[in-house]
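Visitor: I have a structure open and would like to learn how to read its features one at a time. Could you walk me through it?

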Amino acid sequence: MTILQPTWLYKSITVDNLAQIQAECLAVFNKHYTTAFGGRGFTFIYIDQDILRAEAPTYIQFLKEIDLYEKWSATAMIGMIGESRLTDSPIHVDSTDWLARSYALNIPIVNCGDSNTVWYNVAERDELSYSSDDTRFTTVQTFKPETSTEIGRMSSNNPAWINVGIPHRAENNNANLRLLFSTRFYPELHDYFLETNNGR
Ligand SMILES: [Fe+2]
């Protein structure tokens, strides 16, 4: 069967015990990752999965409840402090190969109310960069903002599946610490979205 690239931008989900998950994940940040920003206003780092297993049991339980714990490959912490510096979060796709990476499950942890995920139509490529999780490396393609136009946005305070195969970036309007946990799966969840009738 031919898999077609999903065209939806995001799908909101209900997360039971969200407040408890947020408390556990914020505690993980405070205990292990307070230096993650390294003096910058933006960070994207992978959280040790064993730390999450030990210290974020409600998050782990959530992954089991949605029947995706066995495919859980990585959790990235996407954080910002201060004004949004869009050069730190350029318009990009998470992989040049959408078959390899299309879906991220984003859960707001703290102060995501003034923050958005924004999607774009793009015309011109910019730099390549690289990212890795436990199972693969992906090539991140960025795009020039001058020739991009917004096609949709979602409050980052909204737990949701987001389509990371369509050009997007994070925008922040909150000067305080803003944290979001983005969960990734392997193999990529094309079947999951077809089977749950959540496809294109
Ligand atoms: Fe992304």
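Visitor: Let's start with one residue. Which residues does Ala76 touch, not counting residues up to four places away in sequence?

Guide: Bear in mind that this is a predicted model. Setting aside residues up to four places away in sequence, Ala76 touches Phe44, Ile45, Tyr46, Ser182 and Arg184. Ala76 itself has its place in strand 3.

Visitor: Is Ala76 buried or exposed?

Guide: Burial is read by counting neighbours, and 20 or more other C-beta atoms within 10 Å make a residue buried. Ala76 has 20 C-beta neighbours inside 10 Å, so it counts as buried. Another pair to look at is Ala76 and Thr43, which are 33 residues apart in sequence and 9.6 Å apart in space, C-alpha to C-alpha.

Visitor: How should I read the interior? Which residues have the most contacts inside the largest nonpolar core?

Guide: Cys25, Ile107 and Leu180 do, in a core of 27 residues. The elements that give two or more residues to this core are helix 1 (18–32), helix 3 (57–65), strand 3 (72–80), strand 5 (103–110), strand 10 (160–163) and strand 12 (178–185). Strand 5 supplies the largest share, 5 residues. Apart from this core lies another one, of 7 residues, with Val118, Trp119, Val122 and Phe143 among them.

Visitor: What is Ile107 in contact with, leaving aside its neighbours within four places in sequence?

Guide: The partners of Ile107 are Val15, Ile21, Pro159, Leu180 and Phe181.

Visitor: Which residues of helix 1 are buried?

Guide: Ile21, Gln22, Cys25 and Val28 are buried in helix 1. They cover an arc of only 125° around the axis, so they sit on the same side of helix 1. The face turned away from that buried side carries the exposed residues Ala19, Ala27, Asn30 and Lys31. As for the cover over the buried residues of helix 1, it includes helix 2 (49–55), helix 3, strand 5 and strand 12.

Visitor: Let's turn to strand pairing. Which strand do 5 bridges join to strand 6?

Guide: Pairing is read from the bridges and the sense in which the strands run. Strand 11 (residues 168–172) is joined to strand 6 by 5 bridges, and the two run antiparallel. Strand 6 (residues 115–121) is mostly covered, with 5 of its 7 residues buried.

Visitor: What about the backbone angles; what should I look for?

Guide: Most residues other than glycine have a negative phi, and most peptide bonds are trans.

Visitor: Where does Asn17 lie, and what is its phi?

Guide: Asn17 is in the loop between strand 1 (10–12) and helix 1. Its phi is positive, about 60°, although Asn17 is not a glycine. With 14 other C-beta atoms within 10 Å, Asn17 is partly exposed.

Visitor: And where is the place of Asp67?

Guide: Asp67 sits in the loop between helix 3 and strand 3. Asp67 has a positive phi of about 65° and is not a glycine. Asp67 counts as exposed because it has 10 C-beta neighbours inside 10 Å.

Visitor: Which form does the peptide bond from Tyr186 to Pro187 take, cis or trans?

Guide: That bond is cis, with omega near -5°. Pro187 has its place in the loop between strand 12 and helix 4 (190–195).

Visitor: Finally, how do I read the chain as a whole? How many helices and strands are there?

Guide: The chain has 4 helices and 12 strands. Its radius of gyration is 16 Å, close to the 16 Å that the globule rule gives for 200 residues, so the chain is as compact as a globular protein of that length. Of the 200 residues, 34% count as buried.

Technical notes:
Residues numbered from 1 in each chain as written. Predicted model: local features only at pLDDT ≥ 70, side-chain atom pairs only at ≥ 80, totals over all residues. Core = buried A, V, L, I, M, F, W, Y, C linked by C-beta atoms within 7 Å. Buried ≥ 20, exposed ≤ 12 C-beta atoms within 10 Å, placed from the backbone. Contact = placed C-beta atoms within 7 Å. Arc of directions from axis to C-beta. Pairing = 2+ DSSP bridges. Rg over C-alpha atoms; globule rule 2.2 N^0.38 Å.
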